[in-house]
Amino acid sequence: MKLGPLSVILVTVAARAAAAAAPELGLPLACRPGEDCWPIRYVDHDPGPGERDYRCGEQTGDGHDGTDVAIRDLAAMAEGVPVLTVAPGVVRAVRDGEPDQNVVERGEAALQGRDCGNGVRIDHGEGWISQVCHLRRGSVRVLEGDRVERGDPLGLVGLSGATSFPHVHLTVEQEGRTVDPFLGGADPEDCGASAEPLWRADVLEDLTYEPVVLHAAGFAGAAPEADDLRRGWHRGTELPVTSPALVFWVDGFWVRAGDRLSFEVVRPDGSVLVDDESVIDDDHRRYFAFAGRRRPDGPWPAGRYRGRVVLERESASGEPVRTSLAREVVLR
C-alpha cells in the first residue's frame with residue numbers, strides 16, 4: 001500500500017507515542033543472516049513516487065511496507081525454512097492454499113488483492129500487529145485465535161502471492177499505521193537505525209545493512225541460466241573432468257551501474273585459469289553473471305579448483321564498497 005505525505009507523518013507520531021508498549025521483535029526466519037538468509041528490501045520512507053530505505057538508500061520499492069528476508073533458492077524452499085513468530089501474541093487471521101508460483105508467470109491480475117499470498121497476522125496488544133507473507137502452500141500451522149510466543153513456527157518460506165523469489169515479508173503496524181522496525185519512533189531522515197529499534201539487540205546486529213548483496217555463487221559445467229541456478233541446480237561441489245566448460249557464477253541484489261565485478265578461478269596447481277573483470281552498465285535489483293573457460297583438448301586436470309568473485313564500488317561518501325564470495329569445486 002502506497003503511503004502519502006500525511007501517512008508518513010502519522011506513522012512516525014504513532015510509533016513515538018507507543019514506544020513504551022512496542023513489542024521486542026525476534027528474527028522472522030529460522031536462519032543465519034548473511035549465511036543462508038539475507039535482508040534485501042526495507043520499508044519505503046519516501047512520501048512521493050521515489051524510494052528511500054531507512055539508511056537513505058534505495059533498497060526498497062515505491063510504497064513497500066515491510067522488511068523482506070530472502071533465502072538462497074527454490075531448493076532451500078523445498079527443503080523447508082521455518083517462518084517464526086516475531087513477538088508474543090494472538091493469531092488474528094490466516095490464509096493458506098495460494099499456489100507457490102512466480103508472480104511473473106502467474107500475473108498480478110490473478111492475485112485479486114492477495115498480494116501477501118499465504119500469511120499470518122498476529123495481534124501483540126496495544127495496537128501492535130505483525131504480518132508475515134509469502135508462506136509455502138500447505139505449511140501454515142496455526143489457526144485464528146491461537147496464542148503464540150516469540151520463535152514459534154508459523155509455517156515455511158514459500159513463493160505465494162506477489163513475489164518472484166522465495167522470501168518472507170514482515171510488516172509491523174501500530175494502530176493500522178506502518179512502523180519500520182529498524183527505526184521505531186525515530187526520524188527516517190537520520191539515515192540509520194534508531195537508538196530504540198523494535199528488533200531485539202542480537203537480531204539487529206545480525207540484520208546488517210549491505211549496499212549490495214551477493215548471496216550465492218558456485219560452479220557449473222556449462223554456461224548456466226539464471227532460472228536454473230535460482231532453482232538450486234548448480235549447488236554441487238563436484239563436477240566430472242569431462243565437463244564441457246568450467247564456469248564460476250554469482251547471483252545477487254542491488255548491483256549498480258559502474259560497479260566493477262571480477263572473477264578468478266585457480267587450478268589445483270595454483271595457476272590462474274580465469275581472470276576476468278568487467279564494469280556493470282546498468283542498475284539491477286537482481287543480477288547474475290558468470291565467467292569461465294571451455295575445456296581444453298582432453299579432460300580437465302583432476303583436483304580442487306578455487307573460485308572468487310569480487311564486487312567493488314566507489315561510494316559518494318568516499319568510503320568504497322567491497323564484497324566477495326569464494327567457492328570450491330572438485331573435478332574427478
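Q: Which strand gives the most to the lining of the largest pocket?
A: Strand β9, residues 167-174, gives the most, with four residues. Keep in mind as we go that this is a predicted model.

Q: How do we look for empty space in a protein at all?
A: Rolling a probe the size of a water molecule over the atoms shows where empty space is left. In this structure, the largest pocket has a volume of about 1,300 Å³. It is lined by 48 residues, and Arg-41, Ala-162, Thr-163, Ser-164 and His-167 are the closest to its centre.

Q: What classes of residue make up the lining of the largest pocket?
A: Sorting a lining by class is a handy way to describe it. Here there are 18 charged residues, 15 polar and 15 nonpolar.

Q: And what is the volume of the second largest pocket?
A: The second largest pocket holds about 630 Å³ of space. Its lining has 22 residues, with Tyr-209, Pro-211, Arg-256, Arg-313 and Val-321 nearest the centre. Strands β13 (245-255) and β16 (284-294) each supply at least two residues of that lining. By class, nine residues are nonpolar, eight charged and five polar.

Q: How many cavities of 30 Å³ or more are there?
A: A cavity is a space the probe cannot get out of, whereas a pocket is open. The count here is two cavities of 30 Å³ or more. The second largest cavity has a volume of about 30 Å³. Among the residues lining this cavity are Leu-84, Val-120, Ser-130 and Leu-154, and both β5 (118-125) and β6 (128-135) supply at least two. Its lining has six nonpolar residues, two polar and no charged ones.

Q: Back to β9: are its residues buried or exposed?
A: To read a strand, check each residue's cover and then the way it points. In β9, eight of the eight residues are buried. His-167, His-169, Thr-171 and Glu-173 point one way, while Val-168, Leu-170, Val-172 and Gln-174 point the other way.

Q: Which strands are joined to β9 by bridges?
A: Strand β2 (residues 67-71) runs antiparallel to β9 and is joined to it by four bridges; Ala-70 has His-167 as its bridge partner. Strand β6 is also antiparallel to β9, with six bridges, and Cys-133 is partnered by His-169. Two bridges join β9 to the antiparallel strand β10 (residues 177-178), where Gln-174 stands opposite Arg-177.

Q: What do β9 and β10 form, and how many residues are between them?
A: They form a hairpin with two residues between the strands. In the turn, Glu-175 has a positive phi of about 55 degrees.

Key. Residues are numbered from 1 along each chain as its sequence is written. This is a predicted model: local features need pLDDT of at least 70, side-chain atom pairs count only at pLDDT 80 or more; totals for chains, interfaces and linings use all residues. Side-chain values use heavy atoms; hydrogens and water are left out. On a 1 Å grid over the protein atoms alone, a cavity is a set of points where a 1.4 Å probe fits but cannot get out, and a pocket is an open set with protein on both sides within 12 Å along at least five of seven lines; lining residues have an atom within 4 Å of a point. Grid points are joined across faces, edges and corners, and a volume is the space filled by probe spheres set on the points. Ala, Val, Leu, Ile, Met, Phe, Trp, Tyr, Cys and Pro count as nonpolar, Asp, Glu, Lys and Arg as charged, and the others, Gly among them, as polar. Buried means under 20% relative accessible area, exposed over 50%, partly exposed in between (1.4 Å probe, protein chains only). Two strands pair if DSSP finds at least two bridges between them.
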